[in-house]
Every structure is written in structure tokens, then in C-alpha cells.
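Grab your viewer and work through a few exercises. Try each task on your own before you read its solution.

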Amino acid sequence: MTAVNTGGPSPGDGGVDERRARAVAEAARETEWRLPSFGKELYLGRLRLDLVHPCPAPDEEAERAGAGFLGRLRGFCSGIDAQRIEREEQIPDEVVRGLKELGAFGMKIPREYGGLGLGQVHYNRALALVGSVSPAIGALLSAHQSIGVPQPLKSFGTEEQRREYLPRCAAGEISAFLLTEPDVGSDPARLRSTAVPTGDGSAYLLDGVKLWTTNGVVADLMVVMARVPEGPGRRGGISAFVVEGGSEGITVENRNRFMGLRGLENGVTRFHRVRVPAANLIGAEGQGLKIALSTLNTGRLSLPAICVGAGKWATRIAREWARERVQWGRPVGRHEEIAKKIAFIASTAYAMEAMVELAGRLADDGRRDIRIEAAIAKLWASERAWEIADELVQIRGGRGYETADSLAARGERGVPAEQLLRDLRINRIFEGSTEIMHLMIAREAVDAHLSVAGDLIDPDADGAAKARALAKAGGFYASWLPGLVVGEGQRPGAFGGFGPLAGHLRFTERAARRLARSTFYGMSRWQGGMEERQAFLARLVDIGAELFAMSAAVVRAEAERREHAGDPDRARAGQELADAFCRRSRLRVEELFRALWANTDGTDAKVAERLLADRYTWLEEGALDPSAPGPLIADAAPGPTGKEDHHRRMG
């Protein structure tokens with residue numbers, strides 16, 4: 001892909017074509033692989049179990065510190081009134097103060113800056129615990145330190161910036177990350193917010209409107225992405241800044257409300273000639289998108305961690321309810337239709353935790369590149385957790401659809417199953433929608449092919465470049481393709497150390513090679529047009545995600561077998577859940593492989609094109625639109641505000 005200069009004036013609403021938009025995103029992508037990656041190898045057709053088994057373990061001191069904090073956090077969270085958050089649509093100040101006293105706002109901040117210095121594993125476990133009580137609190141803590149000020153400063157900030165801001169964040173000053181705009185989502189080339197240097201170069205004047213600013217309503221500090229214009233000796237481009245939430249010219253114009261996460265402090269924030277000191281620039285001008293993508297890559301484990309908490313809670317409620325509720329003379333859990341659902345919930349929760357725990361341990365170990373694993377965890381866990389919540393509501397029947405307050409009012413336990421469904425739905429959109437995650441992971445999955453054959457399929461490449469690419473590609477494929485024909489998965493005794501789960505690893509190894517072959521077939525068939533085959537790419541990604549989940553579940557079960565060798569029942573329990581999960585996952589993989597070549601993608605595209613051309617408007621007759629009047633996308637022109645400021649301080 002060709003890199004472009006992302007500086008210069010904002011292209012505006014109509015100035016960015018598809019090619020430029022892709023080029024801007026490509027220029028911000030991390031292209032080097034300095035460390036080995038299990039996920040990258042998987043998409044290349046290689047099951048590198050040596051990269052994940054045995055799974056790295058935290059050192060004893062880190063384990064003690066993490067376990068101690070989790071114990072204190074558990075005690076505090078047991079006293080939180082989650083339904084009060086749901087009713088009042090905000091987290092009570094006393095809860096925020098309690099979290100500050102515990103150090104929860106500094107979990108990932110190093111100790112030298114006043115934080116707890118926890119690793120990713122214990123941070124994930126903390127978010128799972130908090131999120132099981134209130135996903136809104138989980139979102140508050142996650143947005144604050146997974147994508148807010150602490151993470152980009154840890155990776156890209158100066159020592160002066162770290163010493164200035166990290167202790168404040170650790171003490172509980174709330175941070176937010178502001179990238180999205182009313183007409184800019186996953187296409188940053190169209191970013192309209194600007195940061196214009198002052199004449200003396202001592203500051204920038206920030207103008208623009210940011211949408212869906214999680215924590216933005218209550219933020220004390222913000223990371224803001226804005227476009228700096230090019231100039232003499234100035235690169236310009238999309239850049240990242242630390243901005244004080246109380247700066248003159250900042251207005252929180254609206255507190256947004258959603259179908260779920262009703263305690264989430266999310267808003268619309270306008271900047272009008274906000275003076276930001278030049279010292280608050282993170283990294284260099286033009287590095288903003290790289291910083292944003294790197295921050296999101298690291299922070300993406302927070303959402304699947306919260307999904308783990310939801311899966312654990314759903315497993316408990318499904319178990320208790322399916323045993324308590326009796327229909328036709330026996331507990332509903334003993335009826336096959338319900339048994340299938342509770343087995344799905346429990347086994348999927350097991351695999352989800354295995355995936356997040358594995359990715360967290362690899363992150364803490366620091367010897368693996370986990371950008372693909374973190375992205376897969378976000379994609380896969382958000383989809384599966386939504387299915388878990390949907391099945392839980394179905395198992396509970398009418399009580400699943402009834403609110404917790406209504407259940408309690410008539411004398412039953414106030415089980416918030418319907419709230420879980422509403423709260424989890426956003427995870428398929430937050431921090432990269434499922435569709436965007438498919439494309440992002442697919443880009444990494446075909447990276448090896450593009451690096452050797454990119455100019456072959458680039459319409460702008462000249463004859464000499466194509467000739468060089470042909471020679472390079474010939475060497476790569478001559479050594480790579482033969483390895484996809486046979487492998488360990490075809491040897492009956494392979495992976496015997498995993499006992500009864502060895503067969504699942506043999507399947508995974510065979511499927512990984514089949515996945516790589518399918519990718520090659522797609523590249524050969526569509527060449528440069530493959531980037532338009534989004535449904536095909538999504539299925540490739542989903543196959544790899546299932547294979548990663550299966551690998552994580554089997555590795556976890558084997559580790560538990562060894563850990564609990566003195567307790568055979570407990571040792572077998574993990575194997576049982578992993579086996580149940582893998583059997584179901586294998587069916588999904590086979591269906592995805594079939595759908596690569598037998599699908600309705602072509603028909604669907606034609607119907608969608610005709611629908612957008614108003615060919616089927618007659619289908620809409622007989623229904624009314626109850627929407628409130630207004631444009632589908634609000635105006636985001638820069639300038640002074642005419643609205644009330646909804647910014648407030650928490651705690």
C-alpha cells in the first residue's frame with residue numbers, strides 16, 4: 001500500500017475518496033513485526049503452540065499484589081447498588097470516591113507515578129469483576145486507563161508529561177479519549193477538528209466537535225485527536241494532545257443516553273479556540289493516528305475482559321434458574337432444548353476467559369506481539385457474549401424480559417438479565433465495530449501476501465515494479481505453499497500430551513493450513529479486488545478467531561489438569577468444558593469454510609444497491625416513521641457554542 005502525507009488542510013465532507021481514505025489508514029498502521037505472533041502464524045497456516053504453551057505465568061510478587069487488590073476490590077464491589085446506577089443513570093459519587101481510595105483509577109499506571117502497577121492479567125480480572133456488578137463502572141475504569149491519558153503517555157509521552165499527568169490519573173482525575181466526530185468514525189482521513197499553532201509556537205488553538213466521548217462528560221483530562229495544518233518546517237497532520245477538561249472554550253453540549261450502559265458518562269464535546277500548550281503534544285505532529293491505533297490495540301483487551309465477567313455471571317444465573325424452575329415434572333435444565341443453551345453459556349464462558357487470560361499473560365510477558373490476539377479477543381468475545389446474554393434471557397423466559405426492579409417489586413430476586421442484553425450490545429460497536437475489526441484483522445492476515453505481491457495487484461505500479469514483485473512472490477510462495485499440504489494434524493498421535501483434547505488440536509492444525517490455502521485462493525482469484533470482498537475476508541477472520549479460541553481453551557484445560565492433579569474431578573472439569581466448546585466451535589468453522597465459496601454475497605450486494613437506488617420503496621408502504629425530526633447526521637461546523645455546558649466533576 002502507498003503511504004500518503006496526512007498533513008494539509010482538512011479535506012472536508014466530500015474531499016476524501018476511497019483510495020485516499022484507505023491510504024491514510026494504511027499509513028497509520030503498525031507495519032513491523034519485531035516479535036513473534038501466534039495469531040499471525042495461525043493465519044499463515046502454522047499452529048505454533050510453542051508460542052502459547054506453556055502459558056507464561058506472572059511472577060510471585062505480581063501475583064500477590066494482584067490477588068490482594070482483587071480481594072479488596074471484591075469486598076468493595078459487593079456493596080455497590082447496581083440497580084441504583086441503572087435508575088439514576090449515573091455512578092454515585094461515593095462509589096467513585098471508594099474506587100479512588102482503592103487505587104482502581106491507577107491499576108495499570110506504574111508505581112513510580114503513583115499507580116498500582118498491575119499487569120494486564122490482573123487488570124483484566126479486575127474489569128471482569130467490576131463489570132459483572134456494573135458494566136458502566138467497568139466502562140468508566142476501562143476508558144480512563146485503557147484508552148484515556150495513561151496509555152498513550154506510557155507509550156509515547158515524554159518523561160515530563162508522565163510525571164505531570166500520570167499521578168493525577170492514578171489519584172482519580174478522570175481521563176477520556178476523543179477521536180470520533182459526528183461524521184467521522186472509522187475513517188480518520190475525514191477528521192475535521194483542527195489544532196492551529198499560535199504565531200509564537202507556544203500553543204495550539206483547538207477547534208472542532210467530538211462525538212461519543214466516553215467519560216467526556218466528567219473528564220478532568222482528555223486525549224484529543226486534531227489535524228495540524230502543514231507549514232514551513234512543520235509536518236502537520238493528525239496529532240494527539242493532552243487537554244485539560246476545564247480549559248476555557250470547552251463545552252459538553254450533550255450527555256448522550258443509550259439503550260444500555262445507562263450509567264455511562266458519554267457526551268458531545270465542542271472545542272472553540274481552546275488554547276493547548278505546545279508541551280501537551282503527545283509524540284510528534286502527524287503521529288496522532290499511530291498513537292490512536294497503538295492505544296486501541298493495547299486497550300482492546302478491556303472489553304473482552306468485561307465480557308468474561310458477564311459470561312461468568314450468566315453461567316451462574318443459568319445454572320441456578322435451570323435447576324430451580326420445574327416444567328413437566330423436571331427442572332428445565334434437564335430438557336434438551338434448555339440443556340443445549342446452558343451448555344453453550346458455560347463452555348463459551350470458559351473459552352472466553354481462556355482467550356483473555358492467554359492474551360493478558362502474553363502481554364505481561366512482553367515476548368510476543370499480541371495485536372492480532374487482542375483484536376480477535378475483542379471481536380470474538382463481544383459477539384459470543386451477546387449470544388450468551390440472548391440465550392440467558394431466553395432461558396429465563398418472561399422473567400428474562402422483565403426488569404430487575406419489576407421482579408423485585410413483586411417479591412422475586414431482581415435478576416437483571418434484560419439489562420445484561422442491553423449493556424453488552426454496545427461491545428459489538430465500541431472501539432472498532434465487528435465489521436471494522438473484520439477488515440483490520442483481515443489486513444494483518446494478508447500482510448505477508450501484500451508485502452511480497454503488493455505491486456502485482458497495485459494498478460498504479462509500473463512494469464519494473466511488477467517484475468520485481470513477481471520474482472519476490474515466486475520465492476515466497478515456492479517455500480510457503482508446500483508447507484500447507486501436510487502437517488501434524490494428519491498424524492493420528494499428534495499432540496498426544498493433551499490427552500482427550502488432542503483431536504481438537506489436530507483439527508485446529510488442519511484447519512489453519514486450510515485457512516491459509518483459502519486465503520491464497522482468494523488472492524489468486526480476485527487479486528487487487530480482494531479488498532472489496534469484505535464478506536469473504538470476514539469469514540476468513542472468523543475462522544481464525546475460532547481456531548484461536550479453541551487453542552486457548554485446550555491450553556487452559558491442560559494447564560488446569562496439571563495444576564489440579566491432586567483433585568481429579570476439578571482437573572477433568574476444564575477438559576469437559578473445553579471439549580464441549582471445541583465440538584461446537586468445529587461446527588462453526590466447517591460452516592464458515594463452506595460459506596467461503598457457497599454464499600449469497602453477490603445477490604445481497606445487488607439487492608442492497610437497488611434498495612439504495614429507491615427501487616423497493618413500495619416495500620415501506622403501510623408503515624410510519626416515529627423518529628423525531630432532524631438530520632441523520634448533526635452539523636459539526638466549528639465555532640462557538642450556543643448550548644449549556646453539561647460538564648461535571650465526579651466524586
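Predicted model: local features only at pLDDT ≥ 70, side-chain atom pairs only at ≥ 80, totals over all residues.

Numbering starts from 1 along each chain as its sequence is written, and side-chain values use heavy atoms, with hydrogens and water left out.

**Exercise 1. Is Arg 422 buried or exposed, and which side chains does Arg 422 make polar contacts with?**

Step 1: find the residue. Arg 422 sits in helix H16, residues 417-425. Helices (H or I, at least four residues) and strands (E, at least two) are DSSP runs, numbered from the N terminus.

Step 2: check the surface. Arg 422 has a relative accessible area of 13%, so it counts as buried. The cut-offs are under 20% for buried, over 50% for exposed and partly exposed in between, with a 1.4 Å probe and protein chains only.

Step 3: look for partners. The Arg 422 side chain makes a polar contact of 2.6 Å with the side chain of Glu 86, and another of 2.8 Å with that of Glu 418. A polar contact is a pair of N or O atoms within 3.5 Å; within protein, one must be able to donate a hydrogen and the other to accept it, and residues adjacent in sequence count only if both atoms are side-chain atoms.

Step 4: Setting aside neighbours within four places in sequence, Arg 422 is in contact (heavy atoms within 4.5 Å) with Glu 86, Met 259, Gly 260 and Arg 262.

**Exercise 2. Which residues of helix H5 are buried, and what do they pack against?**

Step 1: list them. In H5 (residues 93-102), the buried residues are Val 95, Val 96, Gly 98, Leu 99 and Leu 102.

Step 2: look down the axis. These buried residues fall within an arc of 160°, so they line one face of H5. The arc is taken from the directions running from the helix axis to the C-beta atoms.

Step 3: see what they meet. The buried residues of H5 pack against H3 and helix H7 (135-147).

Step 4: step past the end. Just after H5, Gly 103 takes a positive phi of about 90°.

**Exercise 3. How many cavities of 30 Å³ or more are there, and which residues line the largest cavity?**

Step 1: set the rule. On a 1 Å grid over the protein atoms alone, a cavity is a set of points where a 1.4 Å probe fits but cannot get out, and lining residues have an atom within 4 Å of a point. Grid points are joined across faces, edges and corners, and a volume is the space filled by probe spheres set on the points.

Step 2: count. There are 2 cavities of 30 Å³ or more.

Step 3: take the largest cavity, with a volume of about 50 Å³. Its lining is Pro 135, Ala 139, Leu 261, Leu 303, Ile 306, Asp 423, Leu 424, Asn 427 and Phe 430. H7, H11 and H16 are the elements that give two or more residues to that lining.

Step 4: move to the second largest cavity, about 40 Å³. Among the residues lining the second largest cavity are Glu 86, Leu 261, Arg 262 and Asp 423. H4 gives the most to this lining, with 3 residues.

**Exercise 4. Where do Leu 261, Glu 89 and Pro 54 lie, and what are the phi values of Leu 261 and Glu 89?**

Step 1: recall the background. Most residues other than glycine have a negative phi, and most peptide bonds are trans.

Step 2: take Leu 261. Leu 261 lies in the loop between strand S6 (250-256) and strand S7 (266-277), with a positive phi near 45°. Leu 261 is buried, at a relative accessible area of 7%.

Step 3: take Glu 89. Glu 89 lies in the loop between H4 and H5, with a positive phi near 60°. Glu 89 is partly exposed, at 24% relative accessible area.

Step 4: finish with Pro 54. Pro 54 is in the loop between H2 and H3, and the peptide bond from His 53 to Pro 54 is cis, with omega near -5°.

Terms used:
1 Å grid on protein atoms, 1.4 Å probe; cavity = no way out; pocket = protein on both sides within 12 Å on 5 of 7 lines; lining within 4 Å.
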